[in-house]
Amino acid sequence: GISWQYHGEVMTEPKYRIEAHTFYSDCVWRRWDCAAFVHEAFLSRLEDNSSCLFDFGIFDFHAHGYGTRSDLRDNPRYIDFNLNMFSWLGSDFADMDWDGLAQDDEHEISVKHPERRGQHAVALGRAVVAHFAFSSQEKGLRDSTNLFQRYRKLSQDLASRLAVLHYSGVLQPAP
């Protein structure tokens, strides 16, 4: 059975606080229960057709230069951007530093590659995507929630709807 239940968008319990001083908040990337809370908030917005709440416009990661963000601790760590979901053109790979990518993929893709090209990487707020779990969260999410099954049903429903609208009822890719 499911041992964790969502009770609404506002969470006042201190253990669910996301620390503002760091991008590496334990609540964000270690704890499954915090991930469950965020997933439930996201799914509730899809269900009531208010996912536009998440649209923040365009966020330019390099508006203030390359490699300029840190987590503001006493011994700050440089912050690169997680690569859980991104989009590329084939031409973007023409001058990729594959050794740099092998050493630190996030730093290469979110800082070094755009800097070499003199280009900016951006986040597009209207492109809403859910990243299911970091490795430290997956077991708790799978064992204590029904989120994975709900995302599977959501994706199947969406694929079926798009098949009818755009592909004469044939699921893509065709089975």
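Biologist: Which residues line the second largest pocket?
Modeller: Please note that this is a predicted model. The lining of the second largest pocket consists of Phe-42, Leu-46, Ala-130, Phe-132, Phe-148, Tyr-151, Arg-152, Leu-154, Ser-155, Asp-157, Leu-158 and Arg-161.

Biologist: What is the volume of the second largest pocket?
Modeller: The volume is about 340 Å³.

Biologist: Where does the largest share of its lining come from?
Modeller: That share comes from H6, with 8 residues. Helix H2 (32–47) and H6 each supply at least two residues of this lining.

Biologist: Let us turn to the rings. How many aromatic pairs does a search of the whole structure find?
Modeller: The search finds 6 aromatic pairs. One of them, formed by Phe-93 and Trp-98, is stacked, with 6.0 Å centre to centre and 5° between the planes.

Biologist: Why is the pair of Phe-132 and Phe-148 edge-to-face?
Modeller: Their planes stand at 70°, and planes over 60 degrees apart count as edge-to-face. The ring centres of Phe-132 and Phe-148 are 5.4 Å apart.

Biologist: Which parts does that pair tie together?
Modeller: Phe-132 lies in the loop between strand S2 (122–124) and helix H5 (135–144), and Phe-148 in helix H6 (residues 147–166), so the pair ties together parts that are 16 residues apart in sequence.

Biologist: Is Phe-132 buried or exposed?
Modeller: Phe-132 counts as buried, because its relative accessibility is 17% and the cut-off for buried is under 20%. Phe-148, at 26%, counts as partly exposed.

Biologist: Which residues form one aromatic cluster?
Modeller: The cluster is formed by Phe-42, Phe-54, Phe-132, Phe-148 and Tyr-151.

Biologist: What lies over the face of Phe-148?
Modeller: Arg-142 does, at 4.0 Å from the ring centre.

Biologist: A new topic: where is the kink in helix H4?
Modeller: The kink, of about 30°, lies at Val-111, shortly before the proline Pro-114; helix H4 spans residues 105–117.

Biologist: Which residues of H4 are buried?
Modeller: They are Glu-108, Ile-109, Ser-110, Val-111, His-113 and Pro-114. Helix H3 (98–103) is included in what covers them.

Biologist: And what follows H4?
Modeller: Gly-118 follows H4, and the phi of Gly-118 is positive, near 70°.

Conventions. Residues numbered from 1 in each chain as written. Predicted model: local features only at pLDDT ≥ 70, side-chain atom pairs only at ≥ 80, totals over all residues. Heavy atoms only, no water. Phe/Tyr/Trp six-rings, centres within 6.5 Å; stacked < 30°, edge-to-face > 60°. Helix = DSSP H or I, 4+ residues; strand = E, 2+ residues; numbered from the N terminus. Buried < 20%, exposed > 50% of the residue type's maximum accessible area, 1.4 Å probe, protein only. Lys NZ or Arg CZ within 6 Å of the ring centre and 35° of its normal. Bend = angle between axes of the 7 residues up to and from the residue. Contact = heavy atoms within 4.5 Å. 1 Å grid on protein atoms, 1.4 Å probe; cavity = no way out; pocket = protein on both sides within 12 Å on 5 of 7 lines; lining within 4 Å. Points joined across faces, edges and corners; volume = space filled by probe spheres on them.
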